Amino acid sequence: MITALVFFLCVQENPASPPLPPPVPPDSTSFLDPMHGTLRASYRYRATSGASDSDLYEFLTLSYGNPLKDLVTGGLSARLAEDTDGNRNVQGYYPYTSLDDRYRSFATQRLYTAYLDVHPDEERLLLRGGRQILDEFPEAVPMDGGLVRYRAGAAVSLSVFGGLPDNPYEPSPQGDSMYGASAEWLPDPGGRGRYRVEYLHIRDENLFGLHKDNLVGLSVDEGSGPFTFHARYTLLEGESRDLVARVTATDPEAEFQVQVQGTYVFHQIQALSYPLDPYASFMMNLEPYVDLSANASKSFGNDFSIDALFTSRQLVRAGVETTYNHEFKRVELAPSLRNCPSDGVSIRLTWDHWNSSATSFWTLGGDLSIPLHRDLLLSAGTSYALYSIDAFTGEEHDRVRMYTIGLKWQTNRTSSIDARFTLEENAIGSFRILEIGFRHAF
Amino acid sequence: MPSESIVPWMSWRNPGLVLVGVLSLVGLAAFLSSCSLFQAVFPPAAPTPRPFNHEAHTVRGIACGDCHEGAEKEVHAGMPAKAFCMTCHEELDKEKDKPIEKKVAWFQGDDGEVRWADFGKQKDDIKFSHAAHAGKVSCTACHLDMDKNTGLVPHGPQRMTACTACHQQNAPTKQDCSVCHVATDRLKKPENHFQLWTKNHGPCSREGVGVATANNCSLCHQPETCVTCHHTVLPQDHTDFWRLRTHGLAAGLDRSRCQTCHTTDSCVACHQVAAPLSHRGGWNAPLEQHCRNCHLPLQTSGSCAVCHRDTPGHLTSPPKPPWHTPQMVCTTCHAATLKHPDNGDNCNSCHH
């Protein structure tokens, strides 16, 4: 892979080599093209004292057709990974163990989505089959199956679906199934209102037993003037699960946006099917909580902006704080400076602080991007993190310092090459990462 | 047994506190609304424009271009001046029983000039020429049913999907963003994509195109981009230290944040093949005292029990004989027979 990339770099830089193809017209990557997508290939080398790891990754995303005019369209996204140094079967502790080590092959593949859409009645009817992600539900659920969506006029749309939940780390889908439906109403098709009701049933037989979950979601979106409002209420097995309400106020003239969100989890959430909650079986029950957060973004002219975020979470019941159920407060600030001191240069700082009774940690980071040339971007960054862990054996302070430097070369309008080196010094040791990648959009 | 009592600050269920809270918010709102900074950020709404009955005019044979004189030859269609209206209404408005809503005076401002509702105004980023579209599409193709509109609830401005659908069929060479937008470009990030956009884009994309055209990520991004990005671009705090040690802490704080990307059973899958950082060489050796590292205070959830589910629970440890008291030093008698790699200080933790 390195050889190929070096060869490619040489080819790009060698004046004797054939000239680059002419720039592709601007709309060549348009969604109107019959076939388009991106391909990314990268090599990653990681090393620390006494251990190293080399991997290759290839990502492909593909979209076929234009849903506005073609009868058949489709989408695909997939990943290939190759463990080039065979370290996947190291006995005992190995700092670079990964999920891919579950498989006995040096190469692993992951098919995220692969579906075909049929539009027999232009935009009114959609038939989708294959691996897809139902991302309009309260939980994004990957599914192997079929979906039918029908738009009854401009205001109403109905969907039904069914298939198998995609659990990539289970050896067999035996005992798994899912189905559901949703209805959506736009009270004013030209307006900002949207009302949805969703039902999802999942049957999941996994390591921890058989789960049969029924989730109902109700959501409202409305907008008036600078305000948009979103609320979502879900019921699990007929009981209230959670309520999320969010108000966003945006004033483009003042370049100001503020968003306030509240979340209420009504009852203790115990182990569910993986697609609804992959954590409770591992991190135990989720205790009910109230979460209030606010974030604001304000720009001062074109070149300076600041973002702020505040979150506070409280458990509804006292005395139930456990390893995986904490009350906490979080504050984040991120000022950004662009085109300073010269055009194209950008500087961003981030400060993030989490505080709970058992632990607190904060990170401070800075990134700098400098265009060295019209098509060559240099970026560098550093960050510092301090983890103060009041573990059961006493106070512990762990520090992480990270430095990174990278280059991105836009070889033409649709392709780029990037390289990045990261050095991390932490309480465990010194870690180094080198990543070289190539991306092509077509 | 955990207490069921309510956390103090949650006592918002107390009606008195609710009242104080509501009054405080009202007071804060009143204070802010009088603040010049607030008014600069949220300027007071303009007077409500008075709706115009288009149908009453079109049924009388008046064409769009008769009143909107620039509709076929200029960028802006333009709005009629009062003098133009009065060419007909000079006499019509003299009728005694004519409702004020049907008179030109209804639309007059304090200065005597007419105040038209500008329902179709586009943002500054939009460049649209009426002249360029004249003769190719009818007015009502964009201004939906405006000829039948009685002015009560005019249709909102036409959505971008209508523009792109028409351009696709009738103007295939004019598909790029710059055809209609001044600043927007497919290869240039919108202004709101800077700063904390990586944290805030989720709700925006989920609200969907129905709420705002700007929520249509697929205008620039492929539908599959979400998946690829969520599986390849790590959050800034996902360092090696995070991977090996502190991600559990963060998951304990806010597991919903993890679920943004880790939507499948990756917790279990990974921990089945990866031992925790603490389980290095020497772990579990005699006198290594690894139990104490995680078990004190004892807990039935989290930590060791996450993986070691089959380990006998310490809470089921056999009790001490009844005549043992907590003050007794266990090792005085049991030093030679102690089963555990422990000095006996904390035997009482398990053996009650």
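Q: Helices (H or I, at least four residues) and strands (E, at least two) are DSSP runs, numbered from the N terminus; in which strand is A:S416 found?
A: A:S416 is in β21 of chain A, a strand that covers residues 415-426. A quick word on what you're looking at: this is a predicted model, where local features need pLDDT of at least 70, side-chain atom pairs count only at pLDDT 80 or more, and totals for chains, interfaces and linings use all residues. Residues are numbered from 1 along each chain as its sequence is written, chains are lettered from A and ligands numbered from 1 in the order in which they are written, and side-chain values use heavy atoms, with hydrogens and water left out.

Q: What makes A:S416 buried or exposed?
A: The cut-offs are under 20% relative accessible area for buried, over 50% for exposed, and partly exposed in between (1.4 Å probe, protein chains only). A:S416 comes in at 4%, so it counts as buried. Contact means heavy atoms within 4.5 Å, and leaving aside neighbours within four places in sequence, A:S416 has contacts that include A:W409, A:T411 and A:F438.

Q: How do you know that β4(A) and β5(A) pair?
A: Pairing takes at least two bridges found by DSSP between two strands. β4 (residues 107-118) and β5 (residues 125-134) of chain A have five and run antiparallel.

Q: What about β5(A) and β6(A): how many bridges pair them?
A: They pair over 10 bridges, again antiparallel, with β6 covering residues 141-152 of chain A. A:L127 has A:V148 as its bridge partner in β6(A). Six residues link these two strands in a hairpin.

Q: Why are the buried residues of α5(B) said to line one face?
A: The helix spans residues 82-92 of chain B, and its buried residues are B:C85, B:M86 and B:H89. Looking down the axis of α5(B), they fall within an arc of 100°, so they line one face; the arc is taken from the directions from the helix axis to the C-beta atoms. An α-helix has 3.6 residues a turn, so residues three or four places apart point the same way. On the other side of α5(B), B:A83, B:T87 and B:E91 are exposed. The buried residues of α5(B) pack against α3 (55-58) of chain B.

Q: What makes A:E237 and A:N339 worth a look?
A: Most residues other than glycine have a negative phi, and most peptide bonds are trans. A:E237 has a positive phi near 55°, and A:N339 has one of about 55°. A:E237 lies in the loop between β11 (227-236) and β12 (239-251) of chain A, and at 43% accessibility it counts as partly exposed. A:N339 sits in the loop between β16 and β17 of chain A and, at 35%, also counts as partly exposed. That β16-β17 loop holds A:P341 too, and the peptide bond from A:C340 to A:P341 is cis, with omega near 5°.

Q: What makes a set of residues a nonpolar core?
A: It's a set of buried Ala, Val, Leu, Ile, Met, Phe, Trp, Tyr and Cys residues joined through side-chain atoms within 4.5 Å. The largest has 20 residues, and A:L134, A:F161, A:M178, A:L200, A:I202 and A:L276 touch the most other members. β5, β6 and β9 (194-206) of chain A each give it two or more residues, and β6(A) gives the most, with three. A second, separate core of 11 residues includes A:F361 and B:A250.

Q: How do you know how far to trust chain B?
A: Look at pLDDT, the predictor's confidence in each residue, from 0 to 100. Chain B averages 71, with 60% of its residues at 70 or above. In residues 1-13 of chain B the pLDDT is below 50, and residues 295-302 of chain B are also below 50. For the complex, the predictor gives an ipTM of 0.80 and a pTM of 0.71.
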